[in-house]
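I opened my notebook today to look up a protein model, piece by piece. Come along and check each entry against the picture.

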Amino acid sequence: MTILDGKKVSNDIKEEIAVDVQKMIANGEKVPHLAAVLVGTDGASMTYVNAKVKACEKIGFNSTLIDLPEETTEAVLLQKIHELNTNNDIDGFIVQLPLPKHIDEQKVLMAIDPDKDVDGFHPTNVGRMALDLPTFLPATPFGIMELLERYNVETSGKNVVVMGRSHIVGRPMSILMSQKRKAGDATVTVVHSRTKNLADITRSADIIVAAIGISEYLTGDMVKDGVVVIDVGITRVPDETKKAGYRLAGDVDFASVSPKASYITPVPGGVGPMTIAMLLKNTLLARERHG
């Protein structure tokens, strides 16, 4: 069993990007600039955004954090997005989700200039991805594809089961895995919480991407020997033995699944670090596109 070490691979990618940034500086070119918009004080969102800002500093990107209070109106947020769209110094930006309940997420995502949408969530970019045209791929699926590629996991002709149908992970993952690409060419089935006989389907899978959002849902009796398992979930599970009073768990019950797996991602340290690395890769791409 091989651990798919997202932390190591993401560090490799960051080092590769840092070399590109050094070349830009040496040539007197503008370095990439990523902005992040955070509305409110959601703990997980603050952690993610801070990690993104730190990663930018580490590789030599410029970064801007726009921290808005919870009560920020939709109109004020849309105005802020307009400012970022028209600011030539900003190559790409993200609006951290989830947003407070009084703000229409769809309206906000639609307002982002597709050429600066380094999260890859705008319908224009989703459409380009579906048609296999050059675009910004959503960072988490992009990171999973990169992880499979760098570990030379065979995907061509394999039976892939994607657990979850979200627009952020499940849906794009199913599209990318079925396309003609290095980590692709697979036969893909999408399952979700309403799927009947779900365990029968997962037992036939060569590769499982678990993004169903239920802690430790996928157990050892639901997989076959030699399966490749990608765990996208991350949840705080109460644990009295830990100093913090909790431990981090994924959508996969690692203890029962890992003995049967040929490859598996850990939680934490698997998909999470890859997401940030690919966001940086998209920002570099945006900078190159803007000339």
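These are my entries, in the order I made them.

**Ground rules**

I am working with a predicted model, in which local features need pLDDT of at least 70 and side-chain atom pairs count only at pLDDT 80 or more, while totals for chains, interfaces and linings use all residues. I count residues from 1 along each chain as its sequence is written, and the side-chain values use heavy atoms, with hydrogens and water left out.

**Entry 1: the sheet**

I began with the strands. Helices (H or I, at least four residues) and strands (E, at least two) are DSSP runs, numbered from the N terminus. Two strands pair if DSSP finds at least two bridges between them. I found an open sheet of six strands in the order S1-S11-S8-S7-S5-S6, with parallel pairing. Which strands stand at the edges? They are S1 (2-3) and S6 (187-191); each has a single partner strand, so one side of each is left without a neighbour in the sheet. I then followed S1 to S11 (residues 261-264), and the two pair in the parallel sense over two bridges. Ile3 has Ile264 as its bridge partner in S11. A reminder to myself: strands of a sheet pair through backbone hydrogen bonds, either parallel or antiparallel.

**Entry 2: a β-α-β unit**

Next I looked at S2 (residues 33-39) and S3 (residues 62-68), which run parallel and are joined by seven bridges. Ala36 has Leu65 as its bridge partner in S3. With helix H2 (residues 43-59), S2 and S3 make a right-handed β-α-β unit. Right-handed means that, with the strands pointing away from the viewer, the path from the first strand over the helix to the second runs clockwise.

**Entry 3: the cores**

I moved on to the nonpolar cores. Such a core is a set of buried Ala, Val, Leu, Ile, Met, Phe, Trp, Tyr and Cys residues joined through side-chain atoms within 4.5 Å. Buried means under 20% relative accessible area, exposed over 50%, and partly exposed in between (1.4 Å probe, protein chains only). Which residues touch the most other members of the largest core? I noted Ile17, Phe61, Ile144, Leu148 and Ile230, out of 52 residues in that core. Helix H10 (residues 271-290) gives the largest share of this core, nine residues. Apart from it I found another core, of 18 residues, among them Ala35, Val39, Leu77 and Leu99.

**Entry 4: helix H10**

I checked the span of H10. The expected span of a helix is 1.5 Å times one less than its number of residues. For the 20 residues of H10 that should be 28 Å, and its end C-alpha atoms are 29 Å apart, which agrees. Just after H10, Gly291 takes a positive phi of about 70°.

**Entry 5: the annotated residues**

I turned to the UniProt record, an unreviewed entry, which lists Gly164, Arg165, Ser166 and Ile234 for "binding site". Its positions are in the numbering used here, feature names are shortened, and annotations may be inferred rather than shown by experiment. Contact here means heavy atoms within 4.5 Å.

Is Gly164 buried or exposed? Gly164 is buried, because its relative accessible area is 4%. I located Gly164 in the loop between S5 (159-163) and H7 (170-178). Leaving aside neighbours within four places in sequence, the contacts of Gly164 include Val190, Val191 and Ala211.

Ile234 counts as partly exposed, because its relative accessibility is 44%. I located Ile234 in the loop between S8 (227-231) and S9 (235-238). Not counting residues up to four places away in sequence, Ile234 touches Tyr48, Leu248, Ala249, Gly250 and Val267.

Most residues other than glycine have a negative phi, and most peptide bonds are trans. With that in mind, I listed these cases:

- The peptide bond from Leu97 to Pro98 is cis, with omega near 0°, and Pro98 is in the loop between S4 (92-95) and H4 (105-111).
- Val267 and Pro268 are joined by a cis peptide bond with omega about -5°, and Pro268 is in the loop between S11 and H10.
- Asp185 is not a glycine, yet has a positive phi of about 60°; Asp185 is in the loop between H7 and S6.
- Glu216 is not a glycine either, and has a positive phi of about 50°; Glu216 is in the loop between S7 (207-210) and S8.
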